[in-house]
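Hi,

Have a look at it first, then read on.

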Amino acid sequence: MNLLAIETSCDETAAAVVRDGREILSSHVSSQIALHAPHGGVVPELAARAHLEMLAPVVDAALAGVEGGWEAVDAIAVTRGPGLAGCLVVGAAYAQAAARARCLPITGVSHLAGHVYSAWLADAELEPPFVALVVSGGHTDTIELSRHGEARRLASTRDDAVGEAFDKVARMLGLPYPGGPVVERAALTGNPRAFPLPRTRLEGAFSFSGLKTAVRYAIRDLPAEELDDHGIPRRAEVRDALAAAFQEAAVTQLVDGLEAAVEETGATSVAVVGGVAANRALAERVARRFAGLRVSVPPLRLCTDNAAMIGAAGWHRLAVHGPDTDGFDVDPSLAEFA
Ligand code: KG4
Ligand code: ZN
């Protein structure tokens with residue numbers, strides 16, 4: 001069965017065709033990074049308008065990569081939430097109109113289930129039950145996928161998502177949006193011990209706002225001559241050390257949280273998914289800490305937002321729940337992981 005999958009929940013317009021959940025026939029992502037970078041973050045209104053402009057060409061490009069085009073499509077999967085309301089509506093309206101016009105079954109998929117299934121998509125030997133650390137710009141959760149279509153959340157962030165913390169720290173250090181990749185690069189050369197930052201350790205939860213504030217105070221407390229007119233560290237050495245100290249503290253908290261989830265469930269397979277899973281320091285630390293377990297971290301193109309993962313999650317959702325009825329609503333705060 002070929003699924004056409006559509007993803008427009010945040011700042012990437014994406015479409016893919018996925019066969020039987022696991023074989024990516026084509027996958028296209030149009031990124032809006034350049035559009036939002038001058039604003040230092042995603043501007044919802046601009047994002048929705050860009051989806052409106054880009055979605056049809058991106059779907060056409062995905063279908064052009066498949067013999068038969070629309071004729072080869074058996075069902076449609078579209079992200080129903082969570083995400084920005086105006087952005088979700090663009091994808092859902094397009095997908096529902098196409099399903100109606102072509103009499104195709106449709107399934108409304110959780111973006112978070114998509115991230116969880118990106119690991120299953122990338123690793124042919126990964127099967128539930130497994131524990132996943134879901135780390136993105138909007139989410140920081142540990143979940144257990146006990147079987148296909150059935151997941152429960154084990155822990156979640158009390159405040160900021162870890163990706164959001166990377167983005168905010170980047171801003172404080174004068175680095176561009178999105179912050180994750182640039183903070184990671186700066187951290188490569190920085191000394192993480194130059195600035196002692198607090199280690200947050202909560203029972204059954206994550207928290208990143210205290211760490212973010214600690215970085216803010218560490219910058220504020222620098223000698224005046226170390227700061228430029230915008231309050232940003234002048235010297236690359238100081239900037240890189242702060243990036244390294246922040247990343248080290250954030251990664252430690254994530255890996256400790258994943259360990260708690262493994263202890264709670266007795267899982268023998270773990271996955272790290274979502275945009276922050278692109279972070280090498282995190283992937284390496286997880287591989288070391290869980291050396292005795294099966295560890296899956298998808299390749300970069302499946303970590304950051306894409307539609308292939310929606311196709312994988314959608315295929316399972318169709319198998320477990322059957323198609324959704326026409327005209328379903330989007331849900332900006334949907335918290336489903338399967
Ligand atoms: O999953 P994603 O593409 O979109 C959301 O669903 O939010 O995640 C985007 C987030 C951003 O906060 C970005 O800074 C972060 O993932 N990110 C990273 C890295 N690459 C992207 N964070 C840390 N290290 C990276 N290499
Ligand atoms: Zn995402």
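A side-chain polar atom of N279 is 3.0 Å from a nitrogen atom of ligand 1, which counts as a polar contact (a pair of N or O atoms within 3.5 Å; within protein, one must be able to donate a hydrogen and the other to accept it, and residues adjacent in sequence count only if both atoms are side-chain atoms). D167 also uses a polar side-chain atom, 2.7 Å from an oxygen atom of the ligand. On its own the ligand has 550 Å² of accessible area, and the protein covers 90% of that (Shrake-Rupley method, 1.4 Å probe).

Before you go further: this is a predicted model, where local features need pLDDT of at least 70 and side-chain atom pairs count only at pLDDT 80 or more, while totals for chains, interfaces and linings use all residues. Residues are numbered from 1 along each chain as its sequence is written, chains are lettered from A and ligands numbered from 1 in the order in which they are written, and side-chain values use heavy atoms, with hydrogens and water left out.

Now the shell around the ligand. It has 20 residues, and the closest are G137, D167, G180, E184 and N279 (near means a heavy atom within 4 Å). They split into 5 nonpolar, 12 polar and 3 charged, with Ala, Val, Leu, Ile, Met, Phe, Trp, Tyr, Cys and Pro as nonpolar, Asp, Glu, Lys and Arg as charged, and the others, Gly among them, as polar. α4 (111-122), α5 (162-172) and α6 (179-189) are the elements that each give two or more residues, and α6 has the largest share, with 4. Helices here are DSSP runs (H or I, at least four residues), and strands are too (E, at least two), numbered from the N terminus.

Where does ligand 1 lie relative to the two domains? Domain 1 (2-115 + 302-321) and domain 2 (127-297) both give residues to its shell, so it lies between them; the bounds come from an automatic or database domain assignment.

Finally, D20, a non-glycine residue, has a positive phi near 50°, in the loop between β2 (12-19) and β3 (23-31).

Cheers
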